[in-house]
Amino acid sequence: MSECFLVTGGTGYIGSHVCALLLAAGRDVVILDDLSNSSADVPERLESISGRKPLFYCGDVRDAARLAEIVSAHKPEYVLHFAGLKAVGESGRNPLAYYDVNVGGTITLLRVLQRYGIRRFVFSSSATVYAPDAVMPLTEESPLGPYNPYGRTKYTVERVLLDLAAGDPSWRVALLRYFNPVGAHASGLLGEKPQGEPNNLMPRLCAAAAGATPPLTVFGTDYPTRDGSGVRDYLHVTDLALGHLRAVERLEQAAGVHTYNLGTGTGLSVLELIAAFQAAVGIAAPWTACPRRAGDLAEYYSSPAKAERELGWKAEKTAEDMCRDAWAFYLKAGCARNPDGESK
Ligand code: NAD
Ligand code: UFG
């Protein structure tokens, strides 16, 4: 394959890891990102890693004219759509922004793609589409029923894509339901470095371990889980990125909509992740018990069996790998190491 891939949100955490793989595999990559949660130096970092630079356009996925300009110029074979807002807690406080970007942005993008005859689409969905009372592990057939506005935006987009493909069978769509990606690229050049305060656990854990922030706030130690803290299915971001390449190969073979869980199949609690971090990097991150965070569930983890069966994909890396690589990136990215923030 030497097709062109349009990657929205390609300078972000997951998208950048996928771009690194695509570039290394000789594909042409065009990124559209508004840099609202990522850095402008990511394209150069991608070039250092792969020896090839992606084309970068700064723009908003809700801007139809900008999208049309890019799509008509490059006629991408595939669109990988990562651009979006992703924080469960924030989605409860600002649902309109989540519906606007995640749902409105995707519909704007799909309209433009339809106009230019581009119908191969990989969507960043989420484990949050499943119902809170679904039995573990979650399979792709588990009942749906998102529990927070963020999950409802992902569920809504899945529905739109199913309807779109039902009306026009030439669409080829992968709905990838990610569990909890953590870790960073082996080069230390790509990782999770959001603008402003991070919401996700791993960057907060690194900052607390470095002494750059107060102790990590563990949201809920009274859940009905093994140790009272929330349980998620953490997977290494490079494993997750590889799943996208396998999904694209699947779309080469088969039309229609294909849904896959991308996780390890194993749940880890927040306290277990803190322990894995200590085992991996030798630092005991300080933490403090806090009330539950609104919109969170106690526990969920995947069955990744369908992805293994149909895509030949399996997450390989351990929790220690995830912690070690996240910490290496944290240090290399020049994040603060002490309470004075001197090295920031
Ligand atoms: P991220 O914030 O690092 O990446 C998203 C990128 O999209 C950022 O670079 C941001 O600048 C860009 N963006 C945001 N709004 C935009 C807009 N209106 N127009 C153009 N660009 C815009 O997040 P991520 O962790 O890489 O997540 C990527 C996708 O995967 C998101 O859709 C997210 O909802 C989904 N997802 C993430 C996780 C996770 O735990 N990280 C889990 C499940 C699903
Ligand atoms: N947590 C803490 N303290 C923190 C941050 C998080 O205890 O400072 C806990 C949360 O309560 C939860 C776990 O760590 O139990 C993971 O929280 P994250 O914020 O890292 O991730 P979420 O599970 O809330 O959501 C993430 C992405 C979503 C995605 C979902 C899929 O942000 O976009 O994983 O499982 F859809």
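Residues are numbered from 1 along each chain as its sequence is written, and chains are lettered from A and ligands numbered from 1 in the order in which they are written. Because the model is predicted, local features need pLDDT of at least 70 and side-chain atom pairs count only at pLDDT 80 or more, whereas totals for chains, interfaces and linings use all residues; side-chain values use heavy atoms, with hydrogens and water left out.

The chain contains 11 helices and 13 strands, these being DSSP runs numbered from the N terminus (helices H or I, at least four residues; strands E, at least two). The C-alpha trace spans about 55 × 45 × 40 Å along its principal axes. Of the 344 residues, 54% count as buried (buried, under 20% relative accessible area; exposed, over 50%; partly exposed, in between; 1.4 Å probe, protein chains only). The accessible surface amounts to about 14,000 Å², and carbon and sulfur atoms contribute 50% of this area; areas come from the Shrake-Rupley method with a 1.4 Å probe, and for residues only the protein chains shown count as cover.

Among contacts between residues at least 6 apart in sequence, 80% join residues at least 24 apart, a contact being heavy atoms within 4.5 Å. The mean positions of the 34 positive and 38 negative charges lie 2 Å apart. Lys and Arg count as positive and Asp and Glu as negative, without His and the chain ends, and each charge is placed at NZ of Lys, CZ of Arg, CG of Asp or CD of Glu.

H81, in strand β4, is buried, with a relative accessible area of 1%. Beyond its neighbours within four places in sequence, H81 contacts T8, V61, T106, L109, F121, V122, F123 and S124. W287 belongs to strand β13 (residues 287-290) and is partly exposed, at 39% relative accessibility. With residues up to four places away excluded, W287 touches P215, L216, V218, T221, L271 and I274; its C-alpha is 4.3 Å from that of L216, which is 71 residues away in sequence.

Helix α11 (residues 319-332) has 14 residues and reaches 20 Å from first to last C-alpha, close to the expected 20 Å, where the expectation is 1.5 Å times one less than the number of residues. Its buried residues are A319, D321, M322, C323, D325, A326, W327, F329 and Y330. The elements covering them include β7 (180-182), α7 (201-209), β10 (234-236), β12 (268-269) and α9 (270-281). After α11 comes G334, with a positive phi near 75 degrees.

Most residues other than glycine have a negative phi, and most peptide bonds are trans. L35, in the loop between β2 (28-33) and α2 (42-50), has a positive phi near 60 degrees. K75, in the loop between α3 (64-74) and β4 (78-81), has a positive phi near 40 degrees and is exposed, at 56% relative accessibility. The peptide bond joining M136 and P137 is cis, with omega about -5 degrees; P137 is placed in the loop between β5 (120-126) and α6 (149-167).
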